[in-house]
Amino acid sequence: MAKKLQSIRGIHDGLPTEVAKWRNIEDVARKVFASHAISEVRLPILEPKSLFVRSVGEETDIVSKEMYAFEDQGGDHICLRPEGTAGAVRAYLQAGLTRAGAQRWFYMGPMFRRERPQKGRLRQFQQIGVEYFAVNGPVADVEMLRMAQQFLDELGIQQTRLEINTLGCSACRPAYRETLMTYLKERAESLCATCNDRIETNPMRVLDCKNKTCQAQLLDAPEVVAHVCDDCDAHFSGLKSGLDALAVDYTVNPRIVRGLDYYNRTAFEFVTDQLGAQGTVLAGGRYDGLVESLGGPATSAVGFAAGMERLAMLLPDVPEPRLDVVVAALGDESLPYSLRVADALRQQGLIVIHAGGGTAKRQFKIADRENSRFVLVIGEDEVAKGGVMLKHLKTGKQDFYRLDDAVQILLARDV
RNA sequence: GUGGACGUAGCUCAAUUGGUAGAGCCCCGGCUUGUGAUGCCGGUGGUUGUGGGUUCAAGUCCCAUCGUCCACCCCA
């Protein structure tokens with residue numbers, strides 16, 4: 001091999017084994033989402049860079065250091081989308097749907113973040129996301145969470161737990177932020193450098209600092225839950241009682257903080273401890289202010305995204321559909337007839353491989369390797385008699401049949 | 001972006017203190033003519049991730065680079 005040609009760091013190929021799992025996940029998602037009347041959208045992978053600067057937030061890691069952003073040949077500043085919500089809001093506004101009532105959307109596709117790769121953390125990864133627009137009140141949050149839980153359940157992913165929190169809103173967060181900043185400034189010298197930087201830029205992020213000495217200082221730190229306004233409090237209560245009504249288990253984790261600026265009120269995460277450090281498998285929350293901040297009317301919104309590759313890592317391999325029959329042609333004279341037979345079998349809906357002729361041994365080995373149920377042998381005798389030899393590989397039983405009869409045996413799929 | 005582990009055949013891995021690169025699996029073929037899965041025999045396949053350096057001699061030591069993995073960080 002000359003100079004090795006390989007994919008870009010952190011960008012992996014979807015080979016058959018992996019894609020089979022993805023398709024399984026997609027099928028379950030489509031089925032579950034359909035029962036909530038959610039419609040699929042397919043949105044651009046390239047977006048204007050400014051979209052994410054204005055929505056996700058200029059100070060966030062995603063925007064400030066992880067975006068694949070560049071100028072195109074015309075001098076436009078564009079980027080590969082790092083997440084799906086901003087583009088969905090952009091499309092919602094661009095299509096003029098703000099007076100069209102509730103919109104319930106889902107999407108699946110690749111996202112791009114230039115991070116240091118790890119297991120469960122790729123530079124190109126796939127998300128399945130759901131966004132609701134113009135849907136008010138905690139009932140939407142409750143039903144969305146139940147749906148997310150059902151999605152994970154139907155996939156067979158058991159070992160996750162749901163953590164929820166409230167982040168307040170534009171009415172109450174500024175006051176809380178002040179309270180928190182005051183508290184943090186009093187202890188600034190005991191906090192790590194990163195935390196000190198964040199006191200001014202994003203004090204809520206200090207709360208989930210992993211540093212032990214920081215955490216020790218933050219034991220009695222003021223928590224959002226206790227400082228939200230009456231409306232937010234009512235929303236959070238509605239969320240909790242709704243989850244109780246549906247028997248959805250959850251724990252309130254006052255330290256959940258979203259890394260994207262647009263979230264308010266409800267924030268949630270389904271986490272697992274089976275993926276090492278990348279334990280969040282599905283997460284989201286409310287973002288009631290985003291539509292307005294991107295130029296639309298005040299519009300409530302809530303959504304989540306799940307990481308396809310992370311879900312796939314929690315699932316066993318999906319067995320490939322089993323081959324019904326391998327057509328083995330013996331001798332060049334029988335090739336034309338064998339090709340017609342293979343074609344006819346496929347038209348009956350059977351899964352067929354033509355072994356390509358050659359020795360009987362070679363073709364039987366192919367059938368064996370492909371895990372075929374039957375081998376259909378066509379040689380001089382079969383062509384002469386106008387039939388086929390059909391052998392069941394597991395039992396070794398073999399008989400001569402007219403083609404129609406062989407088709408019936410194959411279609412029965414009972415052996 | 002920071003710190004660490006690792007990179008040998010298609011795959012999983014060996015190779016004493018530097019001394020001629022090996023095994024298993026897979027693949028291809030043979031063990032009488034049109035019959036597989038077990039067995040026996042044989043074969044293909046490597047400039048040891050890449051590029052430099054030290055040495056009589058480098059898979060082994062040193063430097064750089066690329067990649068994978070782990071932790072930090074971040075998040076799906």
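Two strands pair if DSSP finds at least two bridges between them. Helices (H or I, at least four residues) and strands (E, at least two) are themselves DSSP runs, numbered from the N terminus. Keep both terms at hand for this tour.

The model is predicted: local features need pLDDT of at least 70 and side-chain atom pairs count only at pLDDT 80 or more, while totals for chains, interfaces and linings use all residues. Residues are numbered from 1 along each chain as its sequence is written, chains are lettered from A and ligands numbered from 1 in the order in which they are written, and side-chain values use heavy atoms, with hydrogens and water left out.

**Stop 1: the domains**

Colour chain A by domain. Domain 1 takes 16-172 + 228-313, and domain 2 takes 325-412. These bounds come from an automatic or database domain assignment. The centres of domain 1 and domain 2, taken over C-alpha atoms, are 51 Å apart.

**Stop 2: the eight-stranded sheet**

Now show the strands. An open sheet of eight strands runs in the order β1-β5-β6-β11-β10-β9-β7-β8, with mixed pairing. Its edge strands are β1 (39-40) and β8 (251-252), each pairing on one side only. Strands of a sheet pair through backbone hydrogen bonds, either parallel or antiparallel.

Start at β1 and step across. β1 and β5 run parallel, joined by two bridges. Select Glu40: its bridge partner in β5 is Phe106.

Next, select β5, residues 103-112. Nine of its 10 residues are buried. Buried means under 20% relative accessible area, exposed means over 50%, and partly exposed lies in between (1.4 Å probe, protein chains only). β5 and β6 run antiparallel, with 10 bridges between them. Pick Met108 and look for its bridge partner in β6, Ile128.

One more step. β6 (residues 124-133) pairs with β11 (residues 301-307) in the antiparallel sense, over seven bridges. Gly129 has Ala305 as its bridge partner in β11.

**Stop 3: helix α4 and the cores**

Select α4, residues 85-94. Seven of its 10 residues are buried, so α4 is largely enclosed by the rest of the structure. The buried ones are Thr85, Ala86, Gly87, Ala88, Val89, Ala91 and Tyr92. They pack against β2 (46-48), α2 (49-57), β5, β6 and α11 (290-293). Contact means heavy atoms within 4.5 Å. Just after α4, Gly96 takes a positive phi of about 65°.

Which residues have the most contacts inside the largest nonpolar core? Select Phe52, Trp105, Phe133 and Leu184. This core has 55 residues, and α4 gives the most to it, with five. A nonpolar core is a set of buried Ala, Val, Leu, Ile, Met, Phe, Trp, Tyr and Cys residues joined through side-chain atoms within 4.5 Å. Apart from it lies another core, of 42 residues, among them Phe106, Val142, Ile164 and Phe236.

Zoom in on Trp105. Leaving out residues up to four places away in sequence, its contacts include Ile38, Val41, Ala88, Tyr92 and Phe133.

**Stop 4: helix α6**

Move to α6, residues 173-186. At 1.5 Å a residue, its 14 residues should span 20 Å, and its end C-alpha atoms are 20 Å apart, which agrees. The expected span is 1.5 Å times one less than the number of residues. Tyr176, Leu180, Met181, Tyr183 and Leu184 are the buried residues of α6. They cover an arc of only 165° around the axis, which puts them on the same side of α6. The arc is that of the directions from the helix axis to the C-beta atoms. Among the elements covering these buried residues are α7 (193-201), α8 (203-206) and α9 (212-217).

**Stop 5**

Go on to α13, residues 335-347. Tyr337, Ser338, Val341, Ala342 and Leu345 are buried here. Their arc around the axis is only 135°, which puts them on the same side of α13. On the other side, Leu339, Arg340 and Gln347 are exposed. The buried residues of α13 pack against elements including β12 (325-329), β14 (374-378) and α16 (403-412). Just after α13, Gly349 takes a positive phi of about 90°.

Finish at β15 and β16 (residues 398-401), which run antiparallel and are joined by four bridges. Val388 has Tyr401 as its bridge partner in β16. Five residues lie between the strands of this hairpin, where Gly396 takes a positive phi near 80°.
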